[in-house]
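Work through the exercises below with the sequence and the structure open. Each task is followed by a solution in steps.

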Amino acid sequence: MASELRVNTLKDASGNNSVATSVVSNGTAKAWMSLNGSSFALRDSYNVSSATDNGTGDHTASWTSAMSNANYSALYSAGVKNVITAQERLHTIAAGSYRIETSEDGGSATDSTYVMLGIHGDLA
């Protein structure tokens, strides 16, 4: 049997509004993914409805629940295990998706084994 907890206001022991509510709501990642760009397979994700392979070193993550606008923060990294030659750059940021490109140090597009992305901001 599943349990459900519903509250309108969360208060601390002194009866004050809880800081935990705003920290949990505002401070957690609203979307994230771990993608194998070489075999193009999502290892794991949260709030990612799909990932698109746009070509060599070019990937788009789309959100299940969109952000309120395109003014959110994105933290990302890419690389190949034990090799530090992959670089990444933002291609397109939108309320419903984020497009990232990865390349070698010389600038040639490459599919990185590890493409990680974390999104922070307000959901729509």
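**Exercise 1.** How many residues does the largest nonpolar core have, and which have the most contacts inside it?

*Solution.* The model is a predicted one. Start with the size: the largest nonpolar core has 14 residues. Next, list the residues with the most contacts inside this core: Met33, Trp63, Tyr72, Tyr98, Val115, Leu117 and Ile119. Then assign the core to elements: strand 1 (31-36), strand 4 (58-63), strand 7 (97-103) and strand 8 (114-120) each give two or more residues to it. In soluble globular proteins, nonpolar side chains tend to be buried together.

**Exercise 2.** List what Leu117 touches, leaving out residues up to four places away in sequence.

*Solution.* Take contact as heavy atoms within 4.5 Å.

**Exercise 3.** Which strands stand at the edges of the open sheet of four strands, and why is one side of each left without a neighbour?

*Solution.* Write down the strand order, which is 2-1-8-5, with antiparallel pairing. Strand 2 (41-46) and strand 5 (73-79) stand at the edges; each has a single partner strand, so one side of each lacks a neighbour in the sheet. From one strand to the next, the twist averages 10°. Now take the pair of strand 1 and strand 8: five bridges join these antiparallel strands. Leu35 has Val115 in strand 8 as its bridge partner.

**Exercise 4.** Describe the protein chain as a whole.

*Solution.* Count the elements: the protein chain has one helix and eight strands. Finally, 27% of the 124 residues count as buried.

Key. Residues numbered from 1 in each chain as written. Predicted model: local features only at pLDDT ≥ 70, side-chain atom pairs only at ≥ 80, totals over all residues. Heavy atoms only, no water. Buried < 20%, exposed > 50% of the residue type's maximum accessible area, 1.4 Å probe, protein only. Core = buried A, V, L, I, M, F, W, Y, C linked by side-chain atoms within 4.5 Å. Pairing = 2+ DSSP bridges. Axes fitted to C-alpha atoms, helices over the stretch in contact; angles between N-to-C directions.
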